[in-house]
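Hi there,

Here is the structure I promised to pass on. My notes follow below it.

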Amino acid sequence: MTLHQQLRAPLPRLPLLRGLLLSGMIAAGVIPLIQIPLVARLGLGTLTLSILAGIITGNLLPATVHVRCEQGIAFSKHYLLRLGIILYGFNLTFQQIGHIGYRGLVTDMIMLSSTFLVTCLAGLYWIKPDKQTVWLIGAGSSICGAAAVLATAPVIRADAGKVAVAVATVVIFGTAAIFIYPLMWEVIHPWLPGLSAEQFGIYTGSTVHEVAQVVAAGHAISPQAEDTAVIAKMLRVMMLAPFLLLLGQWVNRTRQPAENAGPGKITFPWFALIFILVAVVNSFGLLSDTWLSWIRRSDNILLAMAMAALGLSTRLSQLKTAGLKPLLLGAVVFLWLIIGGAGVNLLVWHVMQ
């Protein structure tokens, strides 16, 4: 049954509304917290608090509640996130995109190819989980987390169990990045006064796993870091389609003849393209400040609901499900993203001044 059919059917509407209501209640409860001085001093933004509250709530709720709310939670973390990212384009202009575009594009290309290569080398020749798990973790770490894992699965014909393990792995380390990167910024920028929030934002967008995690990490650092992080991430997300084309061709060439049943399905992340178009439209100043203020407030609510839903889907039991080898591979790649990504960003920024 398609999503359109599910929404029109009378019975599934209640589970959809339950999940939306749960995500909305968490977001509504979190938004006022940032006004509390103690919380404000901690530097935790709305999105970070939303995902934290979602993780805590999701691991305390009974499994029966998860089943009843699953459809709405999935809707929130998929469709509300993408709508929120599209509307986030009203915070940006084409001039901002052009300012970091070529640096961000080169950085993203280097990070995507090097991260997938590091994952394959570490996975296939050292840690040695099965090759499909390696490819899935590599795709998720290189491009856009769980979304890239799900998009890659039909291309390599991975079974559901391997997809679940890869998703759990990238979600665990991507969620950790939400808290690690703002701490890194607080520690590093006093020692490197030449490092701007915009530069750290490009670093964040080119190395953190998922779009949602990039938004949350950048939001916790500064508005400038958030803007450049999202732009860099969107450029990275738009590389998903050519990556899948190349991966599909390579996998089909290396398959045994009996395994080769033609190319798998490839999807294009249209929301990333629409995000860029919205930012371009916003550059012409067609909307009044009142409309922009309303859109940005609505966007913050949508993103907070998406973060809450992502947290609700993050179960601590996934650590056990993932097993040791995928987690070890995820940790190695995570270290590369932090350390190697810093080196790549500094090199590109130095060469392309």
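**What I found**

In the protein chain, 82% of the contacts with a separation of 6 or more are between residues 24 or more positions apart; contact here means heavy atoms within 4.5 Å. Please note that this is a predicted model, where local features need pLDDT of at least 70 and side-chain atom pairs count only at pLDDT 80 or more, while totals for chains, interfaces and linings use all residues. Numbering runs from 1 along each chain as its sequence is written, and side-chain values use heavy atoms, with hydrogens and water left out.

The protein chain has 16 helices and 0 strands, taken as DSSP runs (H or I of at least four residues for helices, E of at least two for strands) and numbered from the N terminus. Of its 353 residues, 51% count as buried, that is, under 20% relative accessible area with a 1.4 Å probe, protein chains only.

Now the cores, meaning sets of buried Ala, Val, Leu, Ile, Met, Phe, Trp, Tyr and Cys residues joined through side-chain atoms within 4.5 Å. The largest nonpolar core has 75 residues, and Phe275 is among those with the most contacts inside it. Helix α7 (residues 131-156) gives the most to this core, with 14 residues. Beyond its neighbours within four places in sequence, Phe275 touches Ile85, Ile86, Tyr88, Gly89, Leu92, Val230 and Met234. A second, separate core of 19 residues includes Trp185 and Val208.

One more residue to look at: Thr119 lies in helix α6 (residues 94-127) and counts as buried because its relative accessibility is 0%. Leaving aside neighbours within four places in sequence, its contacts include Val134, Ile137 and Leu329.

Best wishes

Technical notes: Buried < 20%, exposed > 50% of the residue type's maximum accessible area, 1.4 Å probe, protein only.
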